[in-house]
Amino acid sequence: MKILVGVKRVIDYNVKVRVKSDNTDVDLSNTKMAINPFCEIAVEEAIRLKEAGIATEVIAVSVGSSASQEQLRTAMALGADRAILVEAEGTVEPLNVAKAFAKIMAQEEAGLVILGKQSIDSDNNQVGQMLAALTKRPQGTFASNVTVDGDSVSVTREIDGGLRTVKLALPAIVTTDLRLNEPRFAKLPDIMKAKRKPQDNTSFADLGIEVKQHIQLDKVEAPAARQGGVKVGSVDELIQKLKDEAKVI
Amino acid sequence: MSYQAPYKDMQWLVEQAYQSQHLAELNSLQDFDLDLANAIIDEANKFASNVLAPLNTVGDTQGCQFENGQVTTPNGWKEAYAQFRDSGWIGLALPEAFGGQGLPKYIAQPVNEMWLSSNLAFVMFAALAQGGSEILLKFASDDIKARYLTQIVTGEWTVAMSLTEPNAGSDLGALTTKAVPQADGTYQIKGQKIYITYGEHDMADNIVHLVLARTPDAPAGSRGISLFAVPKYRVNDEGVCGEFNDVHCTGIEHKTGLHGSPTCSISYGDNDACVGELIGELNQGLMAMFVLMNEARLSCGLQGVALGELAYQKALQYAQERVQGAGVGGKRVAIVEHPDVQRMLLNIRSETFGLRALGYQIAALLDVSELSQDSERVRMAESRIALLTPIFKGFATEQANVMAGTAIQIFGGMGFVEETGIAQVMRDARITTIYEGTTGVQAKDLVHRKIRMDQGVAISQLLTDMRDDICAASQSKPYQRLAVAVDQLADVVDRILLNPNADTAKLDAVSVPFLNAMGGICCAWQLARLEQQAHLNHAQDNDFFGNVIALADFYSVYQLPLAQAALTTVSQEQNGVGAYLF
């Protein structure tokens, strides 16, 4: 079974996010970029399935600028066998990403697609669900445990108030939550080998997808700076402030 | 987060070193380009910041334990070592034929810097593996190479460097450990060594001690010293360890810093059953050990950079959080707003930046010296490395101590309190000016061997290069300031250091001030060069390159004059020391 795994290039989680002075977007010039942490968990899960003899090949797929090659290389250093880059400039909407994955999933006859549940930059949490709808295949989102058994996969999902385990017929789509696994560090010899692993470049046009824009980004603003607190004299005063000023009760 | 690699600084300075030493022209580096360097820096940073850095405090507070000849490393050390080894980092810059990765030095340098910043006490074994392997590669017989090297390069075994004895420290000629030849060609080793880093520990299956000792009929002094491989467990013909080799740890030191690194006293051959194998020729041990020594000295210089970076990160974070005193307009501000705190932060930042640039240049020069086909380029690179090694070792480690002290000053009273962690940097830094040759030893090496015995060839070439750069950028303020210092330096070199009739005792007295002057001038030179590059690239990243320009300006105004003051001292070498009766 082949596994497709999604890899998105996003701002490194250690970097302090800055908004462009004209409020058009987050300022990404000269900032350190990295694999989206949820995607890293997806890569790890796919590699573990390969190590367990369940997967035969792990293919890392990214939709984004040519710079995303860096993240694909990282995925290959971690253990992905090859990579596919769907080259696209600017922000790519979730639906277009899902369409690209649907095409590649069919081309590669992948048995399982593992994606991060969301990316830490746009926080949409949509691609996995859209991909399931487009391909009419079952989905197991927010996975904290994944067990493949024959032609099905059991996915334990983190939901409000507990865990729900679903059994999906393969091919299926799984999106990862934080607690699914702890990604490994790449080994030095594997970083060097990753340079020689194959990477194919394609585009929306090559995949026969017409890119439609449904979303327009109006503006991006930094959150308002936190106001200093005050000491209240009594519980009554606190309740009154919560009612009249904070308007939360 | 306790430490994050200064990713951007590293990336840019690696690129600068790569370009200025024309490494792209070296055929054997085709597969080792800047893209690979960046990918490796990125991955190494994850390991350094997530695995090694959190253990740094553990090592400091817990230290190593010694009981019944056994050394127990701090909690987490063993597991981290296994992870470090399995990730292939030990063989980073060692040959692929023995299980290494064969990376060039220019890529290994930033990676090593990260290890040293994140946990200096822990990674002491890495430089020992690197240096020890290089000795074996260069001097050992094929048989010894076959039986030892792969295990060392892959980290299955570690290396200890056994030089010092109670009466033989800087003066190794005085050592007395004996090596008695046996009928089978091996030697019986007997003697006591002290200050053996990782001489005993619980992280690997075997420890290969590289021991300096004397054969019975060896000449006295440093000409009668040979080098032996003395494993803790004997190594059979197939390279497998067997019986215990009568190598006993008799204790570990309670030290000012580096608590996580066991500093062992080792007794060889208590029961006359300690077998050593000769490495290289008889009585040529010191020469072989110098390969490791030079490696270790450059690694020490890098420790200075690494500790400066760590001190800066901690001090900057504190200065941005600590609100104290009023700024402009009377409002209470974080102390980073105060000009004097900015001065202190810039001291650390600019020194670290200049030293890092110098260290990365040296690494690139090492690649040229090892890989270039052009014999003239190789000769020039070797001569420059030989000159810069004592300067980098001596100056970077002296500055590490200054910088750690400055960082504590930024913390104020909290800096004197252990729980902030900044005091550890000062305590760990303290040994760096002492081990692998004290600053005094480096300074004598610089003045006598690298300048006087060299008849000023290497230093003249360095001065010429500096002056060429100064001429090419005559409008630059940092270069204009550097020009004055370089003239002063050239005068002192010609008039005093290269004076054939000089009183060597007088030169010894001013040798450390001279080394410090050279260090400051070399850093100012690096920063002035980087400033020019920053102007060219300014539009790409205003904040970063604007700061590089600011650092070059700061250094040339605040730090360079200290080098000039030291030159003033050197120029009065007849005075000051010698008259006082102790």
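**Exercise 1.** Is B:A183 buried or exposed?

*Solution.* Start with where the residue sits: B:A183 lies in the loop between β4 (178-181) and β5 (187-197) of chain B. Next, recall the cut-offs: buried takes 20 or more other C-beta atoms within 10 Å of the residue's own, exposed takes 12 or fewer, and partly exposed is in between, with C-beta atoms placed from the backbone. B:A183 has 5 other C-beta atoms within 10 Å, so B:A183 is exposed.

A word on the model: it is predicted, so local features need pLDDT of at least 70 and side-chain atom pairs count only at 80 or more, while totals for chains, interfaces and linings use all residues. Residues are numbered from 1 along each chain as its sequence is written, and chains are lettered from A and ligands numbered from 1 in the order written.

**Exercise 2.** Work out how α8 and α11 of chain B pack.

*Solution.* Find helix α8 (residues 375-411) and helix α11 (residues 457-472) in chain B; their axes are 9 Å apart, at an angle of about 95°. Helices here are DSSP runs (H or I, at least four residues), and strands are E runs of at least two, numbered from the N terminus. Axes are lines fitted to C-alpha atoms, for helices over the stretch in contact, and angles run from 0 to 180 degrees between N-to-C directions. Roughly perpendicular covers 65 to 115 degrees, so α8(B) is roughly perpendicular to α11(B).

Now the residues: B:S383, B:R384, B:A386 and B:L387 from α8(B) meet B:V457, B:A458, B:I459, B:Q461 and B:L462 from α11(B). Contact means C-beta atoms, placed from the backbone, within 7 Å. Sorted by type, this contact has six nonpolar, two polar and one charged residue. Nonpolar means Ala, Val, Leu, Ile, Met, Phe, Trp, Tyr, Cys and Pro; charged means Asp, Glu, Lys and Arg; the others, Gly among them, are polar.

**Exercise 3.** Describe the side of chain B that touches chain A.

*Solution.* Count first: 17 residues of chain B contact 13 residues of chain A. Then look for the main contributor on chain B's side: helix α2 (residues 34-62) of chain B gives the largest share, six residues. Finally, sort that side by type, which gives nine nonpolar, four polar and four charged residues.

Notes: Angles under 35 degrees count as roughly parallel, over 145 as roughly antiparallel, 65 to 115 as roughly perpendicular and the rest as oblique. Two residues are in contact if their C-beta atoms, placed from the backbone, lie within 7 Å.
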